[in-house]
Amino acid sequence: MNDHRNIALFHQTLAAFTAGDMDALAELFHPDVVWHAPGQSPLAGEFYGREAAFAAFQKEFQLSGGTYRPQLHDVLANDKHTVALLHATASRGGKELDMDYVIVFHIRDGRITEGWELWSDQQAYDEFWS
């Protein structure tokens with residue numbers, strides 16, 4: 001059985017993200033993507049457009065001094081969505097992030113058009129970044 005094409009798209013996205021390869025990410029994200037990051041941290045907000053979403057991603061690495069590390073547990077996909085189960089670690093100002101989360105992508109024509117982050121402990125996540 002072959003993996004769904006959107007599983008491959010998620011793996012490409014994760015590889016480009018962890019490598020900081022914004023050119024590769026730009027090929028995978030629609031220019032008008034909308035990124036939803038919940039909570040009250042400096043990383044929270046609704047980011048409209050690829051440039052704004054990428055700036056939010058870069059801030060994650062900047063605030064963690066490059067220690068932010070996502071690890072994939074599993075990814076599920078159909079023709080319109082991927083749902084990825086992940087775990088993240090990071091260090092910042094003597095604090096440690098060690099948490100499960102989910103990313104949901106809406107996909108159209110082979111590109112990510114919308115993304116949602118869902119953290120297992122939003123309050124602890126916000127406290128880490130604040």
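Is Asp109 buried or exposed in this structure? Good morning. Before I answer, please note that the structure shown above is a predicted model. Asp109 has a relative accessibility of 73%, and it therefore counts as exposed, since the cut-off for that class is over 50%. As for its place in the chain, Asp109 sits in the loop that runs between strand 5, residues 95-108, and strand 6, residues 111-119. Its backbone also deserves a remark: the phi angle of Asp109 is near 55°, which is a positive value in a residue other than glycine.

Let me now turn to a residue with the opposite kind of surroundings. Thr82 belongs to strand 4, which covers residues 81-92. The relative accessibility of Thr82 is 0%, so this residue counts as buried. Which residues does Thr82 touch, if we set aside those up to four places away in sequence? They are Asn6, Phe10, Val75, Leu76, Ala77, Ile103, Val104, Phe105 and Ile107.

Leu9 is a further buried residue, with a relative accessible area of 6%. Its place is in helix 1. Beyond its neighbours within four places in sequence, Leu9 is in contact with Leu28, Ile107, Gly110, Arg111 and Ile112. Please consider Arg111 in that list. Leu9 and Arg111 are 102 residues apart in sequence, yet their C-alpha atoms are 8.2 Å apart in space.

Leaving aside neighbours within four places in sequence, Gly45 has contacts with Trp35, His36 and Ala37. Ala56 lies 11 residues from Gly45 along the chain, and the C-alpha atoms of the two are separated by 9.0 Å.

I come next to the interior. In soluble globular proteins, nonpolar side chains tend to be buried together. Here the largest nonpolar core has 36 residues, and the members that touch the most other members are Phe29, Trp35, Phe57, Tyr68 and Leu97. Let us follow Tyr68 in particular. Not counting residues up to four places away in sequence, Tyr68 touches Phe17, Glu60, Phe61, Ala88, Thr89, Ala90, Leu97, Tyr101, Trp119 and Trp129.

Two of those partners, Tyr101 and Trp119, bring us to the aromatic rings. How many aromatic pairs are there? The count comes to 17. In the pair formed by Tyr101 and Trp119, the ring centres are 4.0 Å apart and the planes lie at 15°, so the pair is stacked, the limit for stacking being under 30 degrees. Tyr101 lies in strand 5 and Trp119 in strand 6, so the pair ties together parts that are 18 residues apart in sequence. Both Tyr101 and Trp119 are buried.

A search of the whole structure finds two cavities of 30 Å³ or more. At least two lining residues come from each of helix 1, strand 1, helix 3, strand 5 and strand 6. Helix 1 supplies the largest share, four residues. By class, the lining of the largest cavity comprises 14 nonpolar, one polar and two charged residues.

The second largest cavity contains about 70 Å³ of space. Which residues line this second largest cavity? They are Trp35, Ala37, Leu43, Phe47, Ala56, Phe57, Glu60, Glu117 and Tyr125. Strand 1 and helix 3 are the elements that give two or more residues to this lining. Helix 3 gives the most, with three residues. The residues of this lining divide into seven nonpolar, no polar and two charged.

Thank you for your attention.

Technical notes: Residues are numbered from 1 along each chain as its sequence is written. This is a predicted model: local features need pLDDT of at least 70, side-chain atom pairs count only at pLDDT 80 or more; totals for chains, interfaces and linings use all residues. Side-chain values use heavy atoms; hydrogens and water are left out. Buried means under 20% relative accessible area, exposed over 50%, partly exposed in between (1.4 Å probe, protein chains only). Contact means heavy atoms within 4.5 Å. Rings of Phe, Tyr and Trp (its six-membered ring) pair if their centres lie within 6.5 Å; planes under 30 degrees apart count as stacked, over 60 as edge-to-face and the rest as tilted. A nonpolar core is a set of buried Ala, Val, Leu, Ile, Met, Phe, Trp, Tyr and Cys residues joined through side-chain atoms within 4.5 Å. On a 1 Å grid over the protein atoms alone, a cavity is a set of points where a 1.4 Å probe fits but cannot get out, and a pocket is an open set with protein on both sides within 12 Å along at least five of seven lines; lining residues have an atom within 4 Å of a point. Grid points are joined across faces, edges and corners, and a volume is the space filled by probe spheres set on the points. Ala, Val, Leu, Ile, Met, Phe, Trp, Tyr, Cys and Pro count as nonpolar, Asp, Glu, Lys and Arg as charged, and the others, Gly among them, as polar.
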